[in-house]
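Let's take a walk through this protein together. Have the sequence and the 3D view ready as you read.

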Amino acid sequence: MADKIPYKTYLTEEEMPTQWYNVRADMKQKPAPLLNPGTGKPMTAEELSGVFCEELVKQELDNDTPYIDIPREIQDFYRMYRPSPLVRAYCLEKALDTPAKIYYKFEGNNTSGSHKLNSAIAQAYYAKKQGLKGVTTETGAGQWGTALSMACAYLGLDCKVYMVKVSYEQKPFRREVMRTYGAEVTPSPSDTTEVGRKILAEHPGTTGSLGCAISEAVEVAVSTEGYRYVLGSVLNQVLLHQSIIGLETHAAFKKIGVKPDVIIGCAGGGSNLGGLIAPFMGEKLRGEADYRIIAVEPASCPSFTRGKYAYDFCDTGKVCPLAKMYTLGSGFIPSANHAGGLRYHGMSSTLSELYDQKLMEAVSVEQTSVFAAAQQFARVEGILPAPESSHAIRVAINEALRCKQTGEEETILFGLTGTGYFDMVAYQKFNDGTMTDYIPTDEELEKSFATLPKIG
């Protein structure tokens, strides 16, 4: 290695962050507040505590505290699989014949196979500390459900998971990991809840969506004594917990004396992207450094690139608070693509505000091109990436090829959120040549936009 940069850079346990970073503290224009759909007024801590754990409500509403201590118990759990490596993709650089330097932060070194465990253990910890019996949640591709089931098993909590029906059928092994860890897994929409039955009546044969699954999980949480609802993305509290990714990455770059020029992350609800970019965006907001930040989403569910910046329900059943975000409409049911974790109709309010301020970019990519990039990466870097992560890989490759054309020696960072070893149905369809691309029409989106609530 001519430039002496190692393949993998690890922090020591002593160098691991002991605080999460709250990017909202450095935002001059704060994210818009959650609204009560009945009154149109900002949700209070008291109202939110009926759905979420009390400590998590405090984190959700805190726009001003830049650093929040990570409880010792969570730090100890993190040490089972953290710090995660910052990897120099030498083999991919060589295959692309690019002058660019490519790095990725790999979050797949745990049984859940993804970054989701970073927030799952935090949310389960606060539920346990509050004395609750259990939690409910939704899951798309199943990585969040897997992570939460692991965290709940570790802490002795009950875990009820509503899994988007198409993923429940496409990814049976991830479902079985959840059950192995003691979770109760139900395909959504289901006939076990009032909102599920309503959605099934309105959309017979639907493959489901994260918005549907959220509605069911919330209904069960608020109607069951000793339970609260927890969410794997979108919320401010989740981005806070996931900032451990970016903080480690920032420290690792500092350790090797490198600064990234371009930072790329896949974007569904925003947990991975928000976590990866947090400290870098903080520097950008404070005027200390500049970075080009790119959010990558599927062309089949293009919240950023084709959505409206408006208040909308966070769920299909319209039982959750209203959030101002880039959205396709809470009733939008995306095609049954294989990036289950990127099939949410909206985007984090924090990331939406940053995008609206033009502090970051967004692009959408089609499914077949994503899997072509995943295959190329797997063949040279030795890791089979998750479909979600492969969206970031697609654009990282595109950026590296741009550098090849221009001769620029830029440093590119992307988030490898997890592994794809439970996503082999998707890889099979790609290898068989039966995978297709679906892009919603303007007419379909306009129909969905028409249902946005007239509020805010």
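Gln143 has a relative accessibility of 5%, so it counts as buried.

You'll find Gln143 in helix 6, residues 143-155. (Helices are DSSP runs of H or I with at least four residues, strands are runs of E with at least two, and both are numbered from the N terminus.) Skip its neighbours within four places in sequence, and Gln143 still touches Ser112, Gly113, Ser114, Lys116, Arg174, Ala386, Glu388 and Thr419. Contact here means heavy atoms within 4.5 Å.

## What kind of model is this?

This is a predicted model, where local features need pLDDT of at least 70 and side-chain atom pairs count only at pLDDT 80 or more, while totals for chains, interfaces and linings use all residues. Residues are numbered from 1 along each chain as its sequence is written, and side-chain values use heavy atoms, leaving out hydrogens and water.

## The whole protein

Zoom out and you can count 18 helices and 15 strands. The radius of gyration is 20 Å, close to the 23 Å from the globule rule for 456 residues, so the protein is as compact as a globular protein of that length. That radius is taken over C-alpha atoms, and the rule is 2.2 Å times the number of residues to the power 0.38.

Buried residues make up 63% of the 456. Among contacts with a separation of 6 or more, 77% are between residues 24 or more positions apart.

## Two crossing helices

How do helix 15 and helix 17 pack? Helix 15 (residues 367-381) meets helix 17 (residues 424-432) at about 100 degrees, with axes 11 Å apart. Axes are lines fitted to C-alpha atoms, for helices over the stretch in contact, and angles run from 0 to 180 degrees between N-to-C directions. That makes the pair roughly perpendicular, a label for 65 to 115 degrees; under 35 is roughly parallel, over 145 roughly antiparallel, and the rest oblique.

Helix 15 brings Thr368, Phe371, Ala372, Ala374 and Gln375, while helix 17 brings Ala426, Tyr427, Phe430 and Asn431.

Look for a cis peptide bond between Arg82 and Pro83, with omega about 0 degrees. Another cis bond runs from Ser188 to Pro189, with omega near 5 degrees.

Methods
Buried < 20%, exposed > 50% of the residue type's maximum accessible area, 1.4 Å probe, protein only.
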